[in-house]
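Let's take a friendly tour of a protein, from its packed inside to its open spaces. Have the sequence and the 3D view ready as you read.

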Amino acid sequence: MEQKKFTIRVPATTANLGPGFDSMGMALQIYNEIEIEQISNGIEIHGFNGLPLSENLVYTAMEKVLTRYKRKAEGIRIVGKQFDIPMSRGLGSSAASIVAGILIANHCMDRILSVEEIINLGTEMEGHPDNIVPAVLGGLTISIMDGENVVYSNVSIPRKLQFAVMVPEFKLSTHEARSALPSVYEKKDCIFNISRAALLVAAMQREELEKLRAATGDKVHQPYRAPLIQNIYEIFQQANDFGSKAEVISGSGSTLLAMVERENKDFKEKMENYLNTLPGGWKIHMLEADEKGAVVY
């Protein structure tokens, strides 16, 4: 390990953005931070609220990488320094933990992994690349599987946009959200999503904010997950009434995300006042996209 002490910071991510199921993802300026320190011997784990090692994704991801490369972690202290990404809320907490674990292993191996290898390893563990790629790279990304490899590209984010992230107290597990989806789709629904996903990329690149509402339409996952999130359509309507350009489920939920023009200064206060009238303990955060991705410092 080159450095005796360093910190890994990984951003939250929001996936799908409506029609881009399991392929679109964007990093947001909420972070988890893990501190790594070299010690004389053994492995110490602190600051994970007593989570068993078998359930600690940071540790298990690190171990999987080290085992694959026939290495062993020895003489390190892993400290959960900051956990601002809420768990089981559709903001990429598992992807952030997996990326952190891979980066710890990479530093233990004197940084032998390329960015592509980090992304492929993370996707293998996560099961899909939509959160992993923006967690590593930052920004808004499109990611697909080509055989066993991830192919990805970045999409520009309109400078006028910020993102209202509305997080409830209740959790929604990825397993529960995926179980709600059908196993077969009609051709017209597939065409609907393909066309919207293509339009969304173009509208983002060209900063055509007036097209975002049409471009974020979805018939693959949101109609089936909506019943799991109380008051979702009322919240979407209020966001629209307050000037949002589009509203989507963040990842598999339960968090909701609205795309809001930066000049809409009153949106947060109006939306916050409305959310306070609802059950569910909703909190709203006005966030910028993170353009850096995971960093080590």
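Helices (H or I, at least four residues) and strands (E, at least two) are DSSP runs, numbered from the N terminus. This is a predicted model, in which local features need pLDDT of at least 70 and side-chain atom pairs count only at pLDDT 80 or more, while totals for chains, interfaces and linings use all residues. Residues are numbered from 1 along each chain as its sequence is written, and side-chain values use heavy atoms, with hydrogens and water left out.

## Helix α2

Asp110 follows α2 and has a positive phi, near 60°. Of the 16 residues of α2, 15 are buried (under 20% relative accessible area, with exposed meaning over 50% and partly exposed in between; 1.4 Å probe, protein chains only).

How far apart are the end C-alpha atoms of α2? They are 23 Å apart, which agrees with the 22 Å that its 16 residues should span at 1.5 Å a residue. The expected span is 1.5 Å times one less than the number of residues.

## The nonpolar cores

A nonpolar core is a set of buried Ala, Val, Leu, Ile, Met, Phe, Trp, Tyr and Cys residues joined through side-chain atoms within 4.5 Å. The largest one here has 64 residues, and Met62, Ile104, Phe163, Leu212 and Met259 have the most contacts inside it. Helix α2 (residues 93–108) gives the most to this core, with 10 residues. A second, separate core has 21 residues, among them Ala164 and Val260.

Which residues does Ile104 touch? Leaving aside residues up to four places away in sequence, its partners include Ile8, Ile34, Val58 and Met62. Contact here means heavy atoms within 4.5 Å.

## The largest pocket

On a 1 Å grid over the protein atoms alone, a pocket is an open set of points where a 1.4 Å probe fits, with protein on both sides within 12 Å along at least five of seven lines; lining residues have an atom within 4 Å of a point. The largest pocket is lined by 37 residues, and Leu57, Met87, Ser88, Ser93 and Ser94 lie nearest its centre.

Two or more lining residues come from each of α8 (222–225), α9 (232–241) and β8 (246–249). The most come from α9, with 5 residues.
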